Amino acid sequence: MSALDQHFSRRRLLGTAAAIAGGGVLLGCSPGASRSAADLSYWHLMTGGDGIVMAGLVDAVNAQNLGFHATQTVLAWGPPYYTKLAMASAGGRAPDLAIMHASRIAGYAPGGLLEPWDLDLLAEVGLHERDFPPLVWQKGLYDGKLYSIALDTHPFVLYYNTEHAEKAGVTDDLHTLKSTEEFTEVARKLQKVTGKHGLSYGYLGDGSQMWRLFYTFYRQQNAEMKLVPGQKAQVDEAAAVKALKFVQSLLDDTIATKAGDGGTATSEFLHGESGMLFGGVWELPPIKDAKLPFDAIPIPTLFGTDAAYADSHTFVLPRQSKVDPERRRHTYQLVAEILKRSVKWAGAGHIPAYQPVIQSSEYQELKPQSNYAGIPAYVNYDPDAWFGGAGSDFHRYFAENVQNVYLGSGDPAAGFEGFVKRLNVLLDRPQPL
């Protein structure tokens, strides 16, 4: 028995999985015990353009005839994926490899649902800590062990229409903004050019979109948010209120629409009806396809400290009841080969985590991707919490308390206070270990 098998009973692991994943139902597709060491199972949640690129990467590795063949299983994004992965890990019938958002590691590693990476084996396949940005590497650590290896960083950025910016005379300003007042002035100049809005930002009904912008501005004030089980949430209320008031001021139906969703915001920007768009780098492909004159840059530092919200797709080793050493070695090799080809992944907008790719001339020639390649140096992930991360309820709790603030009818201080109260209820519950 492994150390994890000795420490965690199957019943305890199943309880952990249910608590973390939301009590989902375990479905099919569990890897069979009869697989050979050359047959690797790989689960991920990449669909659409990302799914096509990932499939191409895996096919390219398989074509190298390295002694193994990886079979992909693509599952629905969000709670369905994380529920199924948690339950498969708890049952010891997980895939050899899986994708997990970095923001979910805090919920899975403590409960024994993941196995740590062996640094010596990583070195054998050519992967080292020095190959990754420090903050990105550190996010994969728990209790001194490495539980995830980042494929990318995908931050929230600022897109802008280059033609509108030139007409408004703000092209240079966009790259040197240092205050909320300067940003507001640029947005108003762009609004005069478009005749509709200076900025597009969709958030209605989308807690993740609300959180991404808020947390960027919150962290730009060097404000911390620590969520420790058994303790009250450690937050900076003054910084939170300041960030929320600024967002509220932008949503005035002139600079940006007061009540817009993500689809409306993107459509507005693509049709030239605004000069800027707050959005994720994953929105790059449709913007490029629209043949719009645009560029993309990090969200300007408006509150004094460089900070950007992001998450990362990471590779993890879900817990298995029995590990075949040869198949595990092949799994390490699969990850290394995907990372070394990840310039293809950058085509979808993501920033590759593997630094030799970032430093390559092929990546440096990618525009606008290379414009925001420095973000991992000051990236900010969701606060660590067993109940947080992509596809969890954490962002929904934020929306429940803050959406009215964004709409202009809620008080920023009261909205944030309600969110913190909700967090404290969760922190008061025992962490499912």
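Reader: In this predicted model, which strand is joined to β3 by 4 bridges?

Author: The model is predicted. The strand in question covers residues 313–318 and runs antiparallel to β3. Within this pairing, M100 stands opposite T314. The strand joined to β3 by 4 bridges is β13.

Reader: Which residue of β3 is the bridge partner of Y42?

Author: Strand β1, residues 39–44, runs parallel to β3, and 2 bridges join them. The bridge partner of Y42 in β3 is L97.

Reader: How many residues of strand β3 are buried?

Author: Buried means under 20% relative accessible area. On one side of β3, L97, I99 and H101 are buried, and on the other A98 and M100 are too. Strand β3 is therefore largely enclosed by the rest of the structure, the buried count being 5 of the 5 residues.

Reader: Are the rings of F132 and W137 stacked, edge-to-face or tilted?

Author: A search of the whole structure finds 32 aromatic pairs. The ring centres of F132 and W137 are 5.5 Å apart, with the planes at 40°. Planes under 30 degrees apart would count as stacked and over 60 as edge-to-face. The pair is therefore tilted.

Reader: How many residues apart are F214 and F398?

Author: Their ring centres lie 5.0 Å apart with planes at 35°, so this pair is tilted. F214 belongs to helix α11 and F398 to helix α19, which makes this a link between distant parts of the chain. Both F214 and F398 are buried.

Reader: Over which ring does the charged end of R104 sit?

Author: The charged end of R104 is 4.3 Å from the centre of the ring. That ring belongs to Y82.

Methods. Residues numbered from 1 in each chain as written. Predicted model: local features only at pLDDT ≥ 70, side-chain atom pairs only at ≥ 80, totals over all residues. Heavy atoms only, no water. Buried < 20%, exposed > 50% of the residue type's maximum accessible area, 1.4 Å probe, protein only. Pairing = 2+ DSSP bridges. Phe/Tyr/Trp six-rings, centres within 6.5 Å; stacked < 30°, edge-to-face > 60°. Lys NZ or Arg CZ within 6 Å of the ring centre and 35° of its normal.
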